[in-house]
Amino acid sequence: MEFGLSEDQKLLQESVRGTLEKVSPLERVRAAAEKGETEAADIAQALADLGVFGMMVPERHGGMGMALLDAALVAEMLGRHVAPAGFIATAVMAPLAIAGAGSEAQQEKWLPKLASGEAKAGVAIAEAASGAREGAGVTASGGKLNGKSLFALEAENADIIVVADKAGALHLVSGDAKGLTRIQLTSIDLTRGLTELQFDNVEAEALSSGDAAATLRRMVDAGRVMLAADTLGAGWMMIEKAVAYAGERKQFNRVIGSFQAVKHMCAEMAAELEPCRSLIWYAAHAFDAMPEEAGLMAAHAKAHTAEMGRFVARTATEVHGGMGFTDLLGLHYWFKRIGLDRQLLGSPERLRHEAAVLQGWAAAD
Amino acid sequence: MDLAYGPEYEAFRAEVRDFIQKHGDKAPKRFGVSRPSEESIAWQKLLIEHGYAARTIPKEYGGYGAEPDILKSRIIAEEFTLAKLPMGLANQGISMLVPTLLELGTEEQKKKWIEPTLKGEVVWCQGYSEPGSGSDLASLQTRAKEDGDDFIINGQKIWTSTAHAADMIFCLVRTEPDAKKHEGISYLIFSMKTPGIEVRPLKTMTGHAEFNEVFFTDVRVPQKDIVAGRGQGWYVANATLKHERGMLGDPNQAGTRLKEIVDLMHEETVDGMRLIDHPVYRDRLMQLQARVFAMQFHGLRLLTATSKKEDPGIARLIVKLQGCELNHQLAALAIDALGEIGVLYGNSPHLRAHGSWQHRYMFDLGLIIGGGTAQIQKNIISERGLGMPREPKPAKA
C-alpha cells in the first residue's frame, strides 16, 4: 500500500514547475491577457518540449500512455502559474475521446499530432457535463451537425474539436469546417479561452468505434479532476503569496503576519485546501485503477476543491488588503482562474447531486 | 500510487480474519465506564497474546514484541471495524504514559508500570492542565518542593478525565521555581491513593462529569518517581502530547459517523418524506461526504509518509483541527436532520441513538477546545507549517 507520488512523478512535477516559472511569470501572463491571447505559443512550445501533450496518448500512437494522476500534477502546475496554455482539452479530454471512441484511422490520423503538440484539439461538451444554458445543444443527422454548443474549451484556434451532441454521441469536427462559426466569449479569466460554437450543417466524423457514452463519461471525469488540480495549484500559490505579503507588509510597527487574525486566515486556507490534494490524487488514481469509483470521486474532488478554492481565493485577497484588489499586484489572475474552474464541467451543487445519484441516494434527472 | 496491500499483507489479513472467526464471540459486551470491566481485561489479554494489542511493545514489558509495521496495524483496525469488534483498550495510560516510559523511563519504571497498564490492571490519569494554565501550559503553578528524598506537592489540576477511578497519575509539577518557565517543570508519577489528594467531579455541558478537578495538599511523593530528569518535564510532556494529538481527529471515526447518518437519513421521515430525499439535507450530506473522503485519503497519505519515514510537513499539522471540526459538523447534520427529535436528551420518549448525537455534538466541542484549542492549532499551522512569525511578546511594564 502506497498512497503518494512516485519519484518519477515528483520529478515530472518539478520539471513542469521549473519550466513554467521561466516561461509563465506574471509579466508574461499579463501580456497575454492584455492581448486576449489564451494560447501563448511560446508557453505551448515549452510544454510540448516537455512532452506533456503526449502524456495521455497511447504509446503506439506516439504518446507516453501515462496515468491521469500524472496529468493532474501538470494541471496543478498550470493553475499555479495561471498559464495561458491549453492542456485539459487538447492533452487530456480529446485524446481520451479519440483513443476511446475513434476508429483506427482516426486514431492514427490525430493522436500522434496531438501528442507532439503539432495539432491542437478543443472539446465542446459543456451541455453534457454541466447542463444546457439558453437551450444550447447540438443535433446530428446524416453526418451533419446543427445547433450550438456554449463554453467549448480550448476551441478558439483548435485544429479539431470533439463535440458531444444532445444524445451523448461524440463527433469530430475540423476547426475550419464550413458552416462552423466560432465566437470568442470573454470570461473573468483571461488566461483561458471559452468559445461558443454555432453549427450550420457542419460536416462531422462520428467517433463511434468504441463505447461513446462511456468515453464521454470518462472525458468528463478526467476533465473534472484536471480542473480540481488546476484550482489546487492556483489556490496554493495564492496562499504562498498571502503568507509572503503578510511577512513584509507592516502596520502598527509590526509585520501583519505576526497578528493572529492574519495568521489564522492563512492557517485556515492551508487546512481547508491541503486535504483536497489527497482527494484529487485518489480520484485520479481511481480513474485508472478503480473505474467503479471514478465518477463519484471526480465529482467530489471537483466540487470540494471548488468550494475550498473559493474560500482561499477570497481570503488570500483579503490578506493582501487593498493591494489584493488592485490590478497592479495581479493576484486577481489566480482569483479568476479559480472562479472559472468552479463553473466548468459542473458547478459544486450539480456535482454533489450527481454524486448522490451515483450512490443511489437521489433519482437521476 | 498503489492501494493494494500485496501478498504478505493479505496473508496477515487472513490471519486476523481467522482470529476474529475463532475468538470474536469473546469480545466484551460491557466495557466498564471508568475502569475496564473483567470482560474487557480478558479480551485485552487475548489480543496482546495474538499481537492485536500492544503489538509493538517489547515482550519483556508485557507487549507482543512485533516490529513496527503501520500497514499491519491498519489491517488490524480495518478488520476489527468490519467485524464490529472492539479493539484493545485505549486509555491515557496506554496511549500516552506507555510510549513516554518506553522512550524516557528508567528500566525499573518500565518493568514496574508498562505491563499492568497494558493489561488494564492499572488505570492512569493525566495531570497537565491547571485552572490558570490551559493553552499556556508551561505557566503551570502546581509546586513540588524538596523535602529529604521526597517532594511535597501543592496545587490544582483540571480536565483530569478518569481521576476518580484512576490508580495512578502522571503529572507535571514545578520543581525549579527559579528556572525559566519551560525549564522548571518535572514529570512525576504517583499513586492517586497518596494522602492529600482530593478529586472533585467536573460536570460539563453534556450533563455528565467526563472530567475532574484534582487538588493536592502536602502530597508526599518520592523524588525517584520522576521520569527523565528534574526540569525535563516540558520535553517529556511534549513527547506525550504528540501521541495525544495523533488520537484526536481520526478520520475513520468520521467515516463511521457518516455511515450512521446515511442510514439515519434513509430511515427518518418528515411529512412522510425520507430525509435523504430532501435536496437541502442531502446536499449537506454530500458536502460532508467529500470532506470525510478527503480526510480519509489524507490519512492514507500520512500513513505512507510515516512508513517511508518522510516528514509530511503541514499535512500532519492540520489533522486535529480539521478532523475534530468535521466530526462536530457531522453530529450537527444528524441533529438537524432529526429536527425537534434531534434536541431530545436524557431518557426522553422518541429519543434516537440514546441521545448520542447531542452528546457527541457537545463533547466534540470539548475536543475542539481540548488537546490544543483550534486557535492554538492555527498558530502551529501558521508558524511551523507556513513559517509565519510568532506574536511579539508584549513589552514588560
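Into which domains is chain A divided? Select residues 7-116 of chain A for domain 1, 121-206 for domain 2 and 212-358 for domain 3; these bounds come from an automatic or database domain assignment.

The model is predicted: local features need pLDDT of at least 70, side-chain atom pairs count only at pLDDT 80 or more, and totals for chains, interfaces and linings use all residues. Residues are numbered from 1 along each chain as its sequence is written, while chains are lettered from A and ligands numbered from 1 in the order in which they are written.

**Chain A as a whole**

Chain A contains 13 helices and 10 strands; helices (H or I, at least four residues) and strands (E, at least two) are DSSP runs numbered from the N terminus. The radius of gyration of chain A, 20 Å, is close to the 21 Å that the globule rule gives for 365 residues, so chain A is as compact as a globular protein of that length. That radius is taken over C-alpha atoms, and the globule rule is 2.2 Å times the number of residues to the power 0.38. The C-alpha trace of chain A spans about 75 × 45 × 45 Å along its principal axes.

Of the 365 residues in chain A, 57% are buried. A residue is buried if 20 or more other C-beta atoms lie within 10 Å of its own, exposed if 12 or fewer, and partly exposed in between, with C-beta atoms placed from the backbone. Contacts are defined by C-beta atoms, placed from the backbone, that lie within 7 Å. Among contacts in chain A between residues at least 6 apart in sequence, 75% join residues at least 24 apart.

**Domains 1 and 2 of chain A**

Next, colour domain 1 and domain 2 of chain A separately. Their centres, taken over C-alpha atoms, are separated by 21 Å. Contact between them involves 18 residues of domain 1 of chain A and 16 residues of domain 2 of chain A. On the domain 1 side, helix 2 (26-35), helix 5 (88-101) and helix 6 (104-116) of chain A are the elements that give two or more residues. Helix 5 of chain A gives the most to this side, with seven residues. By class, the domain 1 side has 13 nonpolar, four polar and one charged residues. In this classification Ala, Val, Leu, Ile, Met, Phe, Trp, Tyr, Cys and Pro count as nonpolar, Asp, Glu, Lys and Arg as charged, and the others, Gly among them, as polar.

**Helix 10 of chain A**

Select residues 291-319 of chain A, which form helix 10. This helix has 29 residues and reaches 41 Å from its first C-alpha to its last, close to the 42 Å expected at 1.5 Å a residue; the expected span is 1.5 Å times one less than the number of residues. Where does helix 10 of chain A bend by about 25°? Centre the view on Met297(A), where that bend is found. The bend is the angle between axes fitted to the seven residues ending at a residue and the seven starting there. Just after helix 10 of chain A, Gly321(A) takes a positive phi of about 60°.

**The contact between the chains**

Now show both chains. Their contact takes 41 residues from chain B and 37 residues from chain A. On the side of chain B that touches chain A, helix 8 (279-307), helix 9 (314-317), helix 10 (319-338) and helix 12 (374-385) of chain B each supply at least two residues. The largest share, 17 residues, comes from helix 8 of chain B. This side of chain B has 24 nonpolar, nine polar and eight charged residues.

Select Ile276(B), in the loop between strand 10 (273-274) and helix 8 of chain B. Ile276(B) is buried, with 24 other C-beta atoms within 10 Å. Not counting residues up to four places away in sequence, Ile276(B) touches Trp361(A), Met265(B), His266(B) and Arg282(B).

**Within chain B**

Chain B has 12 helices and 10 strands. Of its 397 residues, 36% count as buried.

Move to Lys157(B), in strand 3 (residues 150-158) of chain B. Is Lys157(B) buried or exposed? Lys157(B) counts as buried, with 27 C-beta neighbours inside 10 Å. Residues that Lys157(B) touches include Glu130(B), Thr142(B) and Cys171(B).

Finish at helix 4 of chain B, residues 92-104. The buried residues of helix 4 of chain B include Ile94(B), Met96(B), Leu97(B) and Val98(B).

Key:
Contact = placed C-beta atoms within 7 Å.
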